[in-house]
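This report describes a protein model by its strands, helices, core and ring pairs. Please keep the sequence and the coordinates at hand while reading.

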Amino acid sequence: MKTSAFLGRLAALLLVVGLLTAFAGPKLTKTSVGKNITIGVPDGFTTLPDDGIAAKYPAARRPLAVFTNPSGRVDLSVAQKPTTFTDRDYGLLLKIYKSSIQNMYSKVEFLSEDIRTVNKRDFIAFEFVSSVADNKRGSNLAPIRRYQFVQYAIQGDQLLVFTFNCPADEQPQWRPTAQALMQTITVKN
């Protein structure tokens, strides 16, 4: 009788601990990016060195920072570029960036798109799954599908771009992390 009561209490305790762990959310480490930007970076992610950024993100204007998981398949990047728009243009920019995203890929499935406030700052946010198909005649390659969460903010004369991406087949695993880390962004004036 005492053993069954003990086992019952132990089972209840393990259930409570399991539920608390499940609802605790992803582990994020507050990380400074540049002078006035902080973001929660998932545990286990490392900073991609400059030569890694140059190889993975070849562009005239390199991101401020890129963080990647141990496999290198999942990235979080923070980029900055000049803009002539202001934060009063977010409604227009939402339409422009949506159109730009649609033109960049063969197919886009939007999961969310809106203007949201995070830590007292407005952001344009898009969450989507993109596909790039090889349209060459006779190609048998499957489309490359990626889950992406992108948030844009204007800081003075700069556009800040926060991007999380992973293979689409890993979306169920990474989507809660992407959603959580986008809520940690702080941009100070």
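The sections below cover confidence, sheet pairing, the core and the aromatic pairs.

## Basis and confidence

The model is predicted: local features need pLDDT of at least 70, side-chain atom pairs count only at pLDDT 80 or more, and totals for chains, interfaces and linings use all residues. Residues are numbered from 1 along each chain as its sequence is written, and side-chain values use heavy atoms, with hydrogens and water left out.

The pLDDT is the predictor's confidence in each residue, from 0 to 100. Its mean over the protein chain is 87, and 85% of the residues reach 70 or more. Helices (H or I, at least four residues) and strands (E, at least two) are DSSP runs, numbered from the N terminus. Among these elements, α4 has the highest mean pLDDT (97) and helix α1 (residues 2-23) the lowest (50). Over residues 13-23 the pLDDT is below 50, and beyond near neighbours in sequence this stretch has zero contacts in the model; a contact means heavy atoms within 4.5 Å.

## The sheet of β1, β2 and β10

Three strands form an open sheet in the order β1-β2-β10, with antiparallel pairing; two strands pair if DSSP finds at least two bridges between them. β1 (28-33) and β10 (186-187) stand at the edges with a single partner strand each, so one side of each has no neighbour in the sheet. Helix α4 (residues 171-182) packs on this sheet and touches β1 and β2, and its direction makes about 160° with that of β2. Axes here are lines fitted to C-alpha atoms, for helices over the stretch in contact, and angles run from 0 to 180 degrees between N-to-C directions.

Six bridges join β1 to strand β2 (residues 37-42) in the antiparallel sense. V33 stands opposite I37 in β2, and S32 has T38 in β2 as its bridge partner. The hairpin of β1 and β2 has three residues between the strands, and G34 takes a positive phi near 75° there.

## Strands β3, β4 and β5

Strand β3 (residues 46-47) pairs with β4 in the antiparallel sense over two bridges, and the bridge partner of T47 in β4 is F67. On its pairing with β5, β4 has four antiparallel bridges; V66 has S77 in β5 as its bridge partner. The β4 and β5 hairpin has six residues between the strands, and G72 in the turn has a positive phi of about 80°.

A65 and F67 point one way from β4, V66 and T68 the other way, and all are buried. Buried means under 20% relative accessible area, exposed over 50%, and partly exposed in between (1.4 Å probe, protein chains only).

## Nonpolar core

A nonpolar core is a set of buried Ala, Val, Leu, Ile, Met, Phe, Trp, Tyr and Cys residues joined through side-chain atoms within 4.5 Å. The largest one has 42 residues, of which I39, I124, F126, Y152, F162 and F164 touch the most other members. Elements that each supply at least two residues of this core include β2, β4 (65-68), β5 (75-82), α3 (90-104) and α4.

Leaving aside neighbours within four places in sequence, the contacts of I124 include Y90, L93, L94, Y97, V150 and Y152. T163 is placed in strand β9 and is buried, at a relative accessible area of 12%. With the same exclusion of neighbours within four places, T163 is in contact with D75, L76, S77, Q148, F149, V150 and M182.

## Aromatic pairs

Rings of Phe, Tyr and Trp (its six-membered ring) pair if their centres lie within 6.5 Å; planes under 30 degrees apart count as stacked, over 60 as edge-to-face and the rest as tilted. By this rule there are eight aromatic pairs. For Y105 and F128 the centres are 6.1 Å apart and the planes at 50°, so the pair is tilted. Y105 lies in the loop between α3 and β6 (107-118) and F128 in strand β7, so the pair ties together parts 23 residues apart in sequence.

Y105 counts as buried at 19% relative accessibility, and F128 counts as buried at 1%. F128 also forms a tilted pair with F110, at 5.8 Å centre to centre and 55° between the planes. That pair links F110 in strand β6 to F128 in strand β7, 18 residues apart. Ring pairs join Y97, Y105, F110, F126, F128 and Y152 into a cluster.
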